[in-house]
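Open the model in a viewer and have the selection tool ready. The tour goes from one selection to the next.

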Amino acid sequence: MSRAAAFFATTALLASPLAAAEPSSADKETARNLMKEGDAKFATRDYAGALKAYQAAHAIMQVPSTGLPLAKAQIERGLLVEARDTLLQVSRHPKDDKEPAAFAKAREEAADLAQKLTPRIPSLLIVLDGASSDVATVAVDGASIPAAALSAPRKVNPGSHTITVSASGFHPASTTVNVKEGANEKVTLKLVPADGKTPPPALPTQAIQGGGKLRIESTAHEGNVFIDGKAVGATPLEVPVTAGVHDVEIQYPGGTNEKKQATVAAGKTERVEFRPSPMDEVARHRKGLHFGGSFSPGMAVYTEGGALMFGAAAGFVMNIGITPMFDFRTGGTLTVMHRFVEDPEYQVTQVSVVVPAMLRVNWSPWFSSAAGLSAGFVADLQQDPVLFGASVGPEWSLLSMCAGDRRQYEISFNQGLRFGHARNDFHQSVTFTYLSLD
C-alpha cells in the first residue's frame, strides 16, 4: 500500500466516532498534501525537503503511517538518534481493532528498522582531567549534560560534535571530534586551573618516605603535568616523589607537549623548567573548525600553449586545526581568468568553481606550506565552441606567511594544475586569507 493510500485509510479511521482528538477536515487535507509533497521529494533524494514535509504531516496526524516515513527521512539526513526515537514511538503506537492494515504494517516495519538502526548509532564517552564532574558544566553541541550522566556513553549522531567544559577556577576547554557511524569514541578534556596554583593531589605516604620533591615550572603559559604517566596538576607546582629517576611530561592547551627526565635525591627538591612551543599559543586558537574568506589575483596558461590569462578568485575557507603542526583546509573558490589579446578570435574567458582539499604543514607560527587536490567544474567561454566539464588536479603552496596575534591573516603563493574535459591549465596566484578565530 502506498503512503498516500495509507493516509486515506488513516483519515477514514479518524473520521469514526471512536477517534480521540480528531484533526479537522482542513488539518487532514493539509497533512495529505504534505505527505504527497514529502513522497515526491524523497523520491528525488531531496531528503531535507522530505523531512520538513513529513515532520509537518506527522505533527498533525501522529499515526504510524506518518511516523514511519518521517523516521526514514531522518535516517537519510544522518539523524539516527532522532530516527530511532521516532521508530520506537511508531512501534509502540496503541493498537485498535478497527485500525487500517497500514498501521500494523508500519508498526512491524518500524520495530524491525529500530533494531537494525541501534548498532549504527555512535556514542561519546567524555572524561574530565583536572576537575571533578560534580563542579564542571559539560555541553555537547550546546546541550548541557547532567553530571550524573557523564560516566555513561552519550549517544550522538554521526558527524562533527563540539564538546565544551567549564568549571569555576579553571580555564574553559573545548574540542571538536568527528564521530563515525557505529563508533564508540572516548574524548578527554584537560582543565587547567585559572590561577595555576591548585595544589596537586596528595600521594600516599609510603610513596614519599625517604624521597624528595619535584618543582615543575613553565614560562609564559601554564600546562598540565604528568609524572611517570600520572596527572598531578598544572604548573607551577611542587610534588613529593620517591628518590630516583622520574619521567616528567607537560601538555599545553594548544596541543603541544614536552618530556624530560629528572633525577631526585633523597631530601632534595629538583627543579624542572619547561618552555612552551612558540606554536602552542597560536595553535590554541586554531584548534577545531573555523571559517574565513579569501581573495587572490592570479594568472594561468593552457598547458598546450598560448598567451597568459589574468584574473582573480574569491572564496570561502573552512579550516580544521588538527595539531599545532597540521591543519586541514577546504572550502570553495570561484575563479575568473581572461586572455587579453588584440585579436578577438584568440580572446577567451575561463570560469572555474572548485573545492580544494589541502593538508597544511605549519613550520612555525608564521610560515607554512600546503598540498592537496582541487576538483570542480571549469568552462572556457568562447564563441565556438564552449568547453565545459569536470576538472581535477593537484594544488600546492610552497610558502604561506601569517600575521596577527592568532595567525588570522595569511598571504600564500599558490600553484596548481587542472585536468579534465576543459582545457588543461597551469595556474598560480597570490592569495589573501582571513580566518575568524576565537
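In which sense do strand S5 and S6 pair, and over how many bridges? Keep in mind that this is a predicted model. Select residues 159-167, which are strand S5, and then strand S6, residues 173-179. The two pair in the antiparallel sense over seven bridges. For one of these positions, pick His161 and look across to S6, where its bridge partner is Val177.

Now widen the selection to the open sheet, which has four strands in the order S3-S2-S5-S6 with antiparallel pairing. Its edge strands are S3 (143-145) and S6, each pairing on one side only. From one strand to the next, the twist averages 25 degrees.

Select Ile322, Met325, Phe326, Phe328, Leu359, Trp363, Trp366, Phe367, Leu398, Leu399 and Phe413; together they make a nonpolar patch of about 1000 Å². Strand S17 (326-338) and strand S20 (387-403) are the elements that give two or more residues to this patch.

Stay with Trp363, in the loop between strand S18 (349-362) and strand S19 (367-381). Is Trp363 buried or exposed? Its relative accessibility is 56%, so Trp363 counts as exposed.

Last, select Gln415 in strand S21, residues 409-420. Gln415 counts as buried because its relative accessibility is 13%, and the cut-off for buried is under 20%. To see what is around Gln415, leave aside its neighbours within four places in sequence and show its contacts: Pro394, Glu395, Trp396, Leu398, Phe426, His427 and Gln428. One of these, Leu398, also belongs to the nonpolar patch.

Conventions: Residues are numbered from 1 along each chain as its sequence is written. This is a predicted model: local features need pLDDT of at least 70, side-chain atom pairs count only at pLDDT 80 or more; totals for chains, interfaces and linings use all residues. Side-chain values use heavy atoms; hydrogens and water are left out. Patches are made of residues with over 30% relative accessible area and no salt bridge: like charges are joined within 9 Å, nonpolar side chains (Val, Leu, Ile, Met, Phe, Trp, Tyr) within 5 Å. Accessible areas come from the Shrake-Rupley method with a 1.4 Å probe; for residues, only the protein chains shown count as cover. A salt bridge is a side-chain nitrogen of Lys or Arg within 4 Å of a carboxyl oxygen of Asp or Glu. Buried means under 20% relative accessible area, exposed over 50%, partly exposed in between (1.4 Å probe, protein chains only). Contact means heavy atoms within 4.5 Å. Two strands pair if DSSP finds at least two bridges between them. Axes are lines fitted to C-alpha atoms, for helices over the stretch in contact, and angles run from 0 to 180 degrees between N-to-C directions.
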